[in-house]
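Please keep the sequence and the model in view while reading.

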Amino acid sequence: MTAPETTLINVESSHYPPLLLRHPANPILTRKDWPYSIHSVFNAGATLLQDGSTLLLCRIEDRRGLSHLCAARSKNGVDGWQIDREPTLMPSPKEYPEEIWGIEDPRITFVPELQQYVVTYTSYSRGGPGVSLALTKDFRSFERYGVIMPPDDKDTALLPRRINGYWALIHRPMTPLGSHMWISYSPDLHHWGRHRLMLEARRGAWWDANKIGLSPPPIETTRGWLVLYHGVRHTPSGCLYRLGLALFDLQNPEKCLLRGDSWIFGPEADYERNGDVNNVVFPCGYTMDPDGDTINVYYGAADCSVALARASARSLLEWLDANGSCERRRAQDV
Ligand code: BMA
């Protein structure tokens, strides 16, 4: 008797275009790479340094359950990571009590006017997660500004230049009615106001119902700010974190030009499906290749590792043209 033929099922096959392609070296960083004892590494902010190398500012969770940040540098952004021998930015609850339960999920923006990198991150206070900001020139010393948005708020990034004279910060306050993306403005990075709702979570059965948040900092294109955002779907077996795409006006970033209906990237690979928190892809950073088109998206996978997926900015915009629509006011949508 001959053995029955095995049919291999390609779990990735679908008629949806593969807009973000996973790097074959994934996951590119795990706890085994770390020079000191850690529980897990995930949700890394990313930037290019002056010499063209890539810096990832990784969230590290220790065995107490508290997080700090640690820098990893690589010439090609894929391997050969030089990891700081000790934590790069530790919570400092004596001076900053809001950091008592750790600091998490950094986003990095290089600001030409300041000639510095602005890092926004979650500070986990007794009152809940809030948003803190720090400036750095070299990711070795940091000037902390403390809490700039009180709890519950997270998923923030600063735009790299002023809008009509004011710095602009995207963030995600939580309310019992839903968690939506907001934008706020400041003359000095300390005082924030003119708060505006920027993108609403949808409702009902949608993949991005009830809870959304900015993922990496917005990507500036000639057509507008390209925003990858995450949507959190609550299911009987836990949450599903997936990514969607929207485009905002360059001069008026609270104006949504296009928003895709479908998610474009979700947990599929084993390292995304299984981990401390299953079914999570959570990018906090990207870098742009010198071709001005290839975007390297760095994402936390299942709260256990850092992975890389690549996309073409042109293809993302084409997809939005074909699949996005102008955002309507929610009131007209019900
Ligand atoms: C979000 C954030 C992320 C985390 C994700 C999945 O709320 O806290 O840091 O990766 O949940 O656990």
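In this predicted model, a polar side-chain atom of Asn43 is placed 2.9 Å from an oxygen atom of the ligand. Arg59 likewise brings a polar side-chain atom to 2.7 Å from a ligand oxygen, and an N or O atom in the side chain of Tyr241 is 3.0 Å from an oxygen atom of the ligand. The table collects these distances.

| Residue | Distance from a polar side-chain atom to a ligand oxygen atom |
|---|---|
| Asn43 | 2.9 Å |
| Arg59 | 2.7 Å |

Of the 310 Å² that the ligand exposes when taken alone, the protein buries 85%. The residues around the ligand also include Asp105, Lys154, Val277, Val280, Phe282 and Asp303, and by class the shell divides into 4 nonpolar, 1 polar and 4 charged residues.

The second topic is the nonpolar interior. In soluble globular proteins, nonpolar side chains tend to be buried together. Here the largest nonpolar core has 27 residues, and those with the most contacts inside it are Leu20, Leu226, Leu245, Ile264, Phe265, Tyr299 and Leu316. At least two residues of this core are supplied by each of strands S17 (224–235), S18 (238–248), S20 (281–288), S21 (294–301) and S22 (305–312), and by helix H2 (313–323); the largest share, 5 residues, comes from H2. Another core, of 21 residues, lies apart from the largest one, and among its members are Ile170, Tyr185, Phe248 and Cys256.

Methods:
Residues numbered from 1 in each chain as written. Predicted model: local features only at pLDDT ≥ 70, side-chain atom pairs only at ≥ 80, totals over all residues. Heavy atoms only, no water. Near = heavy atom within 4 Å. Polar contact = N/O pair within 3.5 Å; in protein donor to acceptor, adjacent residues only side chain to side chain. Areas by Shrake-Rupley, 256 points an atom, 1.4 Å probe, with all protein chains shown as cover. Nonpolar A, V, L, I, M, F, W, Y, C, P; charged D, E, K, R; others polar. Core = buried A, V, L, I, M, F, W, Y, C linked by side-chain atoms within 4.5 Å. Buried < 20%, exposed > 50% of the residue type's maximum accessible area, 1.4 Å probe, protein only. Helix = DSSP H or I, 4+ residues; strand = E, 2+ residues; numbered from the N terminus.
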